[in-house]
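Morning, everyone. Please have a look at the next item on the screen.

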Amino acid sequence: MRKILVVLGLGAAVYVSPVEAQTFAVEDPVLQQMWQQGMENSQAYQLAQVLLDSLGPRLTGTPEQRAAHDWITAVYQRWGIEARNEQYGTWKGWQRGATHVDLIAPRFRTLEAIMHAWSPGTDGEVRAGVVVLPEVTDSAAFAEWLPNVKGKFVLVSFPEPTCRPDSDWEENATAESFERMKAQRDTAREAWEEGMERTGLGRELARQLEDAGAAGVLYGERPLGWGVMRVFSARTEKVPSIQLSCEDYGLLHRLAANNQGPMLAVEVAAEFLGEVPLFNTIAEIRGKELPGEYIVLSAHFDSWDGASGATDDGTGTVTILEAMRIIQQAYPNPRRTIIAGHWNSEEQGLNGSRAFVTDHPEVVEGLQALFNQDNGTGRISRISMQGLIGAGEHFARWLARVPQEIGQHIDLTFPGMPGGGGSDYASFLCAGAPSFFLFAHNWSYFPYTWHTNRDTFDKLVMDDLKNNATLFAMLAYLASEDPDRVPRLQRVLPVSERTGEQRTWPECRDGARSWEEER
Ligand SMILES: [Zn+2]
């Protein structure tokens with residue numbers, strides 16, 4: 001391959017390949033081959049399509065998740081990479097079936113609804129009326145009202161006055177009417193929250209309702225974006241717990257509050273499958289010189305199941321899977337051991353990675369660096385040093401060798417603050433091991449795809465995904481070849497503005513290894 005030497009500014013030399021137009025700071029055949037594999041010969045599209053469309057979401061403890069574990073392990077083995085499903089615990093097995101919710105009086109409308117994860121189903125179709133929670137003065141008054149829920153579906157969320165996202169109001173309303181809407185909404189929400197507090201139930205509300213004979217519990221959604229529903233887990237054990245769209249929840253609430261006799265026909269199917277094993281999938285390319293020192297590529301494998309778990313964390317999963325393929329092609333004999341950690345049950349509290357940290361002290365001890373991805377499809381744009389003094393020098397050296405096309409998007413934050421949660425890097429960082437969250441450009445992650453019914457394959461941005469897989473492969477290579485270990489020296493943490501006390505390094509916690517432990 002012909003290289004043109006370009007001299008920039010004060011003598012900084014870069015090599016430009018005229019064929020692929022990538023710009024390398026140094027001539028390094030491994031990096032060039034990684035670019036070739038990751039950017040020109042990417043398999044990210046095919047891998048993501050199978051994972052997200054065909055296998056689908058990977059809710060903890062579902063048969064779909066188990067099938068996805070078996071698939072990804074087989075993919076690694078086909079590539080000649082050692083991989084295993086490592087059991088660390090058990091969970092309540094559950095499988096989702098159909099959700100059908102129709103308004104049948106005072107008129108007909110099929111409602112946008114999804115049963116929550118681990119919700120019980122119905123026994124066939126249930127036809128019943130709808131009630132809203134009353135305004136009560138105290139918990140005794142609530143207890144007195146409670147028998148009214150018998151045989152009814154209960155609406156338990158604040159009824160949003162508008163399902164237009166605020167961004168739409170900001171763009172189109174007069175300033176006065178936007179302010180008026182927000183003020184009215186704030187007042188109404190506050191009153192509603194105070195009313196909820198007076199019931200004295202908090203998280204126990206759903207259980208109390210089902211014990212009192214409610215037909216089911218229905219939740220509404222805040223309008224963060226158009227058509228978006230977040231689908232988390234049920235708090236009921238006997239009757240269905242169902243998420244409705246902002247619009248359809250509001251419709252039901254207004255019909256009930258105005259005594260217009262709303263009736264629903266609800267049929268939801270769910271099957272409980274007993275205690276099932278849970279796994280992390282671990283793939284490994286053994287180090288040739290320093291097998292007891294590790295680079296870990298990290299992304300959680302589980303997802304919520306309101307859609308396909310595409311950007312949370314299907315993209316992280318494909319990033320590290322494809323990075324391992326690139327590494328196997330371009331750098332099959334690494335100096336240090338390179339591991340891909342596909343962690344389970346992150347969404348329930350980093351459970352899989354926390355179990356791995358407990359079960360594998362040798363990896364924590366020997367960790368050179370861990371690179372975690374978990375906020376969507378975007379190109380990596382920021383990396384915090386997480387309070388580790390001395391890590392910045394390594395990242396600066398590594399990124400100086402990564403091609404300009406990838407490196408130009410990335411800001412390093414130094415020294416940064418140690419993250420205590422939010423994703424699996426925190427399970428290692430609390431033990432002092434150099435672990436980093438590679439923060440992606442956000443692509444409307446929070447309002448639109450995070451834990452929603454819209455988190456689907458089409459949201460993937462393939463150019464950014466290829467960029468990330470190539471970057472992860474390159475960082476693994478550069479960290480593996482680094483002559484020095486990344487130091488574990490921690491910064492002096494600042495005083496907390498809230499407590500006035502000096503902050504301390506986050507403490508490690510055990511992850512739950514069963515559904516029972518989680519409760
Ligand atoms: Zn996630």
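Predicted model: local features only at pLDDT ≥ 70, side-chain atom pairs only at ≥ 80, totals over all residues.

Residues are numbered from 1 along each chain as its sequence is written.

Confidence. pLDDT is the predictor's confidence in each residue, from 0 to 100. The protein chain averages 94. At least 70 is the score for 96% of the residues. Residues 1-13 are below 50. Beyond near neighbours in sequence, that stretch has 14 contacts in the model. Two residues are in contact if their C-beta atoms, placed from the backbone, lie within 7 Å.

Domains. The bounds come from an automatic or database domain assignment. Domain 1 is 4-91 + 275-481, and domain 2 is 107-261. Their C-alpha centres lie 39 Å apart. Where they touch, 10 residues of domain 1 contact 10 residues of domain 2. On the domain 1 side, we have four nonpolar, four polar and two charged residues. Here Ala, Val, Leu, Ile, Met, Phe, Trp, Tyr, Cys and Pro count as nonpolar, Asp, Glu, Lys and Arg as charged, and the others, Gly among them, as polar.

Now the helix pair. Helices (H or I, at least four residues) and strands (E, at least two) are DSSP runs, numbered from the N terminus. Take α1, residues 29-40, and α16, residues 462-481. Their axes come within 9 Å and cross at roughly 155 degrees. Axes are lines fitted to C-alpha atoms, for helices over the stretch in contact, and angles run from 0 to 180 degrees between N-to-C directions. So α1 is roughly antiparallel to α16, a label for angles over 145 degrees.

Which residues of α1 meet α16? They are V30, L31, M34, W35, G38 and M39. Across from them, α16 brings K466, A469, T470, A473, M474 and Y477. By class, this contact has nine nonpolar, two polar and one charged residues.

Last, the backbone. Most residues other than glycine have a negative phi, and most peptide bonds are trans. A105 and P106 are joined by a cis peptide bond, with omega about 5 degrees. P106 sits in the loop between β4 (82-105) and β5 (109-110). Another cis bond joins D312 and D313, with omega about 0 degrees. D313 is in helix α9, residues 310-330. Finally, N259 is not a glycine, yet has a positive phi of about 55 degrees. Find N259 in the loop between α8 (246-257) and β11 (263-285).

Terms used
Parallel < 35°, antiparallel > 145°, perpendicular 65-115°, else oblique.
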